[in-house]
Amino acid sequence: MQHKIIAYREENHDQLVDIWHRAVRQTHTFLSEEDIQFYHHIISNGALRELEVWMECTVLQEPIGFIGLDGQKIEMLFVDPEWHGQGTGSRLIQHAEKIKGTHLKVDVNEQNEKAHAFYRHYGFVPTGRSALDGSGRAFPLLHMELNK
């Protein structure tokens with residue numbers, strides 16, 4: 001099946017929020033329900049519109065994953081859980097490399113071991129750590145940079 005990466009479209013906003021929500025429930029098991037609702041509010045009320053967002057879509061134009069960029073920093077990368085392990089995340093990073101260069105950076109929740117493994121497999125290396133996330137909450141972040 002041939003997928004295509006396209007720029008964010010407002011008409012897909014709710015679908016991307018849904019992908020985010022389902023992916024977070026599966027991968028961010030360290031978050032409480034209150035935490036998920038806190039971040040859901042941020043995502044659904046503007047965060048996607050503040051970033052450069054690219055979506056991978058099926059041939060039927062249905063989004064299956066997305067990456068949000070701020071310059072060379074990956075601010076978010078989420079894939080529909082039904083599509084995990086099928087290359088969507090890697091293709092989205094490859095797209096980011098193509099348009100932003102190979103000096104990509106990302107912050108990953110320290111408690112999200114699968115995300116660490118994914119980024120390490122792709123070639124990211126740890127460069128630092130913060131005790132708080134970008135919202136000031138006590139979810140430590142590992143800072144990583146692409147090392148190619």
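Visitor: Does Asp-107 count as buried, exposed or partly exposed, and at what relative accessibility?

Guide: Asp-107 counts as partly exposed, at 24% relative accessibility. Buried means under 20% relative accessible area, exposed over 50%, and partly exposed in between, with a 1.4 Å probe and protein chains only. This is a predicted model, in which local features need pLDDT of at least 70, side-chain atom pairs count only at pLDDT 80 or more, and totals for chains, interfaces and linings use all residues. Residues are numbered from 1 along each chain as its sequence is written, and side-chain values use heavy atoms, with hydrogens and water left out.

Visitor: Which residues does Asp-107 touch, not counting those up to four places away in sequence?

Guide: Asp-107 touches Lys-73, Ile-74, Leu-141, Leu-142 and His-143. Contact means heavy atoms within 4.5 Å.

Visitor: In which strand does Asp-107 lie?

Guide: Asp-107 lies in strand β5. Strands (E, at least two residues) and helices (H or I, at least four) are DSSP runs, numbered from the N terminus.

Visitor: And β5 pairs with β7 in which sense, over how many bridges?

Guide: Strands β5 (residues 105–109) and β7 (residues 141–146) pair in the antiparallel sense over 5 bridges; pairing requires that DSSP find at least two bridges between two strands. Val-108 stands opposite Leu-142 in β7. Strand β6 (residues 124–130) also pairs with β7 in the antiparallel sense, over 6 bridges, and there Ser-130 stands opposite Leu-141.

Visitor: Turning to helix α1, which of its residues are buried?

Guide: The buried residues of α1 are His-13, Leu-16, Val-17, Ile-19, Trp-20, Ala-23 and Val-24. Seen down the helix axis, they fall within an arc of 155°, so they line one face of α1. The arc is that of the directions from the helix axis to the C-beta atoms.

Visitor: What do they pack against?

Guide: The buried residues of α1 pack against α2 (33–44), β2 (52–57), β3 (63–70) and β4 (73–79).

Visitor: How many helices and strands are there overall, and in what order do the elements run?

Guide: The protein has 4 helices and 7 strands. From the N terminus on, the order is β-α-α-β-β-β-α-β-α-β-β. The radius of gyration is 14 Å, close to the 15 Å that the globule rule gives for 148 residues, so the protein is as compact as a globular protein of that length. That radius is taken over C-alpha atoms, and the rule is 2.2 Å times the number of residues to the power 0.38.

Visitor: What percentage of the residues is buried?

Guide: Buried residues make up 43% of the 148.
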